[in-house]
Amino acid sequence: MAGEPSLAEFFELMKKSCERQGNLTPNPNSLQRLQALWNSAGGSRRIQLAMARKDGEPVAGLLGIAFGERVTLWKKGWSGKFGDLRPNELVMDASLAAAKARGEIGRAHV
């Protein structure tokens with residue numbers, strides 16, 4: 001799992017995904033608002049960020065927010081590169097495994 005230092009990289013990936021989909025305004029629409037969300041959710045206690053990298057380059061990211069025994073995989077970002085390596089599936093699997101390990105999702109939810 002990545003943390004707060006990777007928020008800027010994730011925001012750039014999220015913007016690239018939005019642009020490819022024809023949406024020029026991501027939600028949240030600024031790194032500052034994403035940072036505020038991170039802070040209000042208690043940092044890594046209730047919010048998680050998974051990042052996939054290829055040779056150090058950020059390729060995909062997924063932001064999840066936990067509520068009790070549920071985690072919502074809320075925002076994603078992808079550079080558009082290395083699709084054959086399935087970076088989006090990698091961050092989804094990592095996010096679900098981390099949430100399960102923390103007890104945020106029960107056996108019946110997986």
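User: What puts Lys-75 over the face of Trp-74?

Analyst: The distance from Lys-75 to the ring centre of Trp-74 is 4.8 Å. A charge sits over a ring if NZ of Lys or CZ of Arg is within 6 Å of the ring centre and within 35 degrees of the ring normal. So Lys-75 qualifies as lying over the face of Trp-74.

This is a predicted model, in which local features need pLDDT of at least 70 and side-chain atom pairs count only at pLDDT 80 or more, while totals for chains, interfaces and linings use all residues. Residues are numbered from 1 along each chain as its sequence is written, and side-chain values use heavy atoms, with hydrogens and water left out.

User: Which ring does the charged end of Lys-54 sit over?

Analyst: The ring of Phe-82, with 5.9 Å to its centre.

User: Why is Phe-82 called partly exposed?

Analyst: Its relative accessible area is 29%. Buried means under 20%, exposed over 50%, and partly exposed in between (1.4 Å probe, protein chains only). So Phe-82 is partly exposed. Phe-82 also has a positive phi, near 60°, though not a glycine.

User: Why does Asp-55 count as exposed?

Analyst: Asp-55 has 74% relative accessibility, so it counts as exposed. Its phi is positive too, about 50°, although Asp-55 is not a glycine. Most residues other than glycine have a negative phi.

User: Why is strand β1 described as largely enclosed?

Analyst: β1 covers residues 47–54, and six of its eight residues are buried, so the rest of the structure largely encloses it. A strand is a DSSP run of E, at least two residues; a helix is a run of H or I, at least four; both are numbered from the N terminus.

User: What makes β1 and strand β2 a pair?

Analyst: Two strands pair if DSSP finds at least two bridges between them. β1 and β2 (residues 57–67) have eight, in the antiparallel sense. So they pair. Leu-49 stands opposite Leu-63 in β2. The two strands form a hairpin with two residues between them, and Asp-55 is in the turn.

User: Which peptide bond is cis, and what is its omega?

Analyst: The bond joining Asn-27 and Pro-28, with omega about 0°. Pro-28 is in the loop between α1 and α2 (31–40). Most peptide bonds are trans.

User: How confident is the predictor in the protein chain?

Analyst: The mean pLDDT (the predictor's confidence in each residue, from 0 to 100) is 86 for the chain, and 89% of the residues score at least 70.
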